[in-house]
Amino acid sequence: MSSNAENKYRKARSFQRRLNPIMRRLPLQTVLETTGRTSGLPRPTPVGGRRIGDTFWLVSEFGERSHYIRNIKADPRVRVRIRGRWHTGTAHLMPEDDTTARLRTLPRMNSTSVRAIGAGLLTVRVDLER
């Protein structure tokens, strides 16, 4: 990772450590819950994304450096809280997906911040169970 991308990552991580505990408590905030790869505990992370049919799409702003991506690699079973309701599913990392095009289909506010802050973007598809 370049030094500029590293600086972005450190600043964003510091900011998100303070903001995420508040955001994940908001009832209408979308939350991705993974299982901790070493602890085995639930790890909720506020995310921005969109449900399309039985699929939930999101773009990780720091790709494989994001802890929730590392957790998905260890155990792809996840839960997603969308509009206050929990859905179980299986997450799939999509490195071949065009993240720029994908961000155009996701909520504008989140997509703008992901583009501005992110480095090493990675698309995640969650196949939701019925």
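Let's begin with a term: a residue is buried under 20% relative accessible area, exposed over 50% and partly exposed in between, using a 1.4 Å probe and protein chains only. Helices (H or I, at least four residues) and strands (E, at least two) are DSSP runs, numbered from the N terminus.

This is a predicted model, where local features need pLDDT of at least 70, side-chain atom pairs count only at pLDDT 80 or more, and totals for chains, interfaces and linings use all residues. Residues are numbered from 1 along each chain as its sequence is written, and side-chain values use heavy atoms, with hydrogens and water left out.

**Exercise 1. Sort the residues of helix H2 (residues 67–74) by side.**

Step 1: pick out the buried residues of H2, which are Tyr68, Ile69, Asn71 and Ile72.

Step 2: look down the axis of H2. The buried residues fall within an arc of 160°, so they line one face of the helix. The arc is taken from the directions from the helix axis to the C-beta atoms. As background, an α-helix has 3.6 residues a turn, so residues three or four places apart point the same way.

Step 3: see what the buried residues of H2 pack against. Contact means heavy atoms within 4.5 Å, and the partners are S1, S2, strand S4 (55–60), strand S5 (77–82), strand S6 (85–94) and strand S7 (122–128).

**Exercise 2. Which residues touch the most other members of the largest nonpolar core?**

Step 1: A nonpolar core is a set of buried Ala, Val, Leu, Ile, Met, Phe, Trp, Tyr and Cys residues joined through side-chain atoms within 4.5 Å.

Step 2: name the residues. Among the 15 in the largest core, they are Leu32, Phe56, Ile72, Val80 and Val126.

Step 3: trace the suppliers. S4, H2, S5 and S7 each bring at least two residues to this core, and S7 gives the most, with 4.

Step 4: look for a second, separate core. That one has 6 residues, including Val59, Met94, Leu103 and Leu106.

**Exercise 3. Which rings have an arginine over them?**

Step 1: apply the test. A charge sits over a ring if NZ of Lys or CZ of Arg is within 6 Å of the ring centre and within 35 degrees of the ring normal.

Step 2: take Trp86. Arg79 lies over its face, at 4.0 Å from the ring centre.

Step 3: take Trp57. The charged end of Arg102 sits over this ring, 3.7 Å from its centre.
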